[in-house]
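Subject: Structure for you to look at

Hello,

Here is the structure I promised to pass on. Please open it first, then read the notes below it.

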Amino acid sequence: MSDICAPTRPFVHEEHVPGAGVFRVLPLDPTVDCATIHAWASQERAAFWGMNELTVDQITSTYGELEELTTHHAFMVEKDGEPVALLQTYEPEADRVGECYEARPGDIGIHLLLAPAGPEGSHAGWTASLSAVIAAFVLRGLDRRRVVTDPDVRNQKAISRLLRQGFVIGPVVVLPEVDLPEVHLAEKHAQLAFLPREVVFPDGS
């Protein structure tokens, strides 16, 4: 294995995808990763992520507070040693989305922010490979039965991507505003979508 794939910190999931590369999921380190997250989240393409106006220090503080929670977690996803996505997981019943649908045992929520394409542009099929790795980590690695996600209803690009990945579209809901000293989330019109484990792993594994 080449040096570029040598782990720089412990990872929680690893897959070698033929033709795509080595993917690793690492627990987020706010002091190391938040400059990268800021570079991604401050772009107009990431407007739905809701961090366009935040500074690096504010993002570092936000994810530092997230580290203190047992119900919400953040991960950096790397491909061949390079960051390619920010993954957040959460327990739906501990999140505002839990007020908008009836959570089932084994549900897990996710948010995903993709890195912008590099100078050479995007490579066909790499997003599908990334999605398969994340599904394997969340459903098998964390032993969950169903993924729940709640993109902004206006984010048709993300919704179309979910459909290609096998998600089942649910109802449109209004996520309530969260206004706490440590976090503020505006009211959000969201499109719920669900990915059952048997869709990804029909063999029952």
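**Helix H1**

Helix H1 covers residues 30-41, and its 12 residues leave the end C-alpha atoms only 14 Å apart, short of the 16 Å that a straight helix would reach at 1.5 Å a residue. The expected span is 1.5 Å times one less than the number of residues. Helices (H or I, at least four residues) and strands (E, at least two) are DSSP runs, numbered from the N terminus.

Which residues of H1 are buried? They are Pro30, Asp33, Cys34, Ile37, Trp40 and Ala41. These residues lie on the same side of H1, because they cover an arc of only 120 degrees around the axis, taken from the directions from the helix axis to the C-beta atoms. Buried means under 20% relative accessible area, exposed over 50%, and partly exposed in between (1.4 Å probe, protein chains only). The buried residues of H1 pack against helix H2 (56-66) and strands S3 (72-79), S4 (82-90) and S5 (107-114).

**How the model was treated**

This is a predicted model, where local features need pLDDT of at least 70 and side-chain atom pairs count only at pLDDT 80 or more, while totals for chains, interfaces and linings use all residues. Residues are numbered from 1 along each chain as its sequence is written, and side-chain values use heavy atoms, with hydrogens and water left out.

**Salt bridges**

The structure holds seven salt bridges, each a side-chain nitrogen of Lys or Arg within 4 Å of a carboxyl oxygen of Asp or Glu. One of them joins Arg144 to Glu91, with the closest N and O atoms 2.5 Å apart. Arg144 lies in the loop between helix H3 (126-141) and S6, and Glu91 in the loop between S4 and S5, so the pair ties together parts that are 53 residues apart in sequence.

Another salt bridge is between the side chains of Arg197 and Asp143 (3.0 Å, N to O). Arg197 is in helix H5 (residues 197-200) and Asp143 is in the loop between H3 and S6, so this pair ties together parts 54 residues apart in sequence. Arg197 is buried, at 9% relative accessible area, whereas Asp143 counts as exposed at 54%.

**Arg146**

Arg146 lies in strand S6 (residues 146-149). Is Arg146 buried or exposed? Arg146 is buried, with a relative accessible area of 9%. The side chain of Arg146 makes a polar contact with that of Asp107 (2.9 Å). A polar contact is a pair of N or O atoms within 3.5 Å; within protein, one must be able to donate a hydrogen and the other to accept it, and residues adjacent in sequence count only if both atoms are side-chain atoms.

Regards

Technical notes. Contact means heavy atoms within 4.5 Å.
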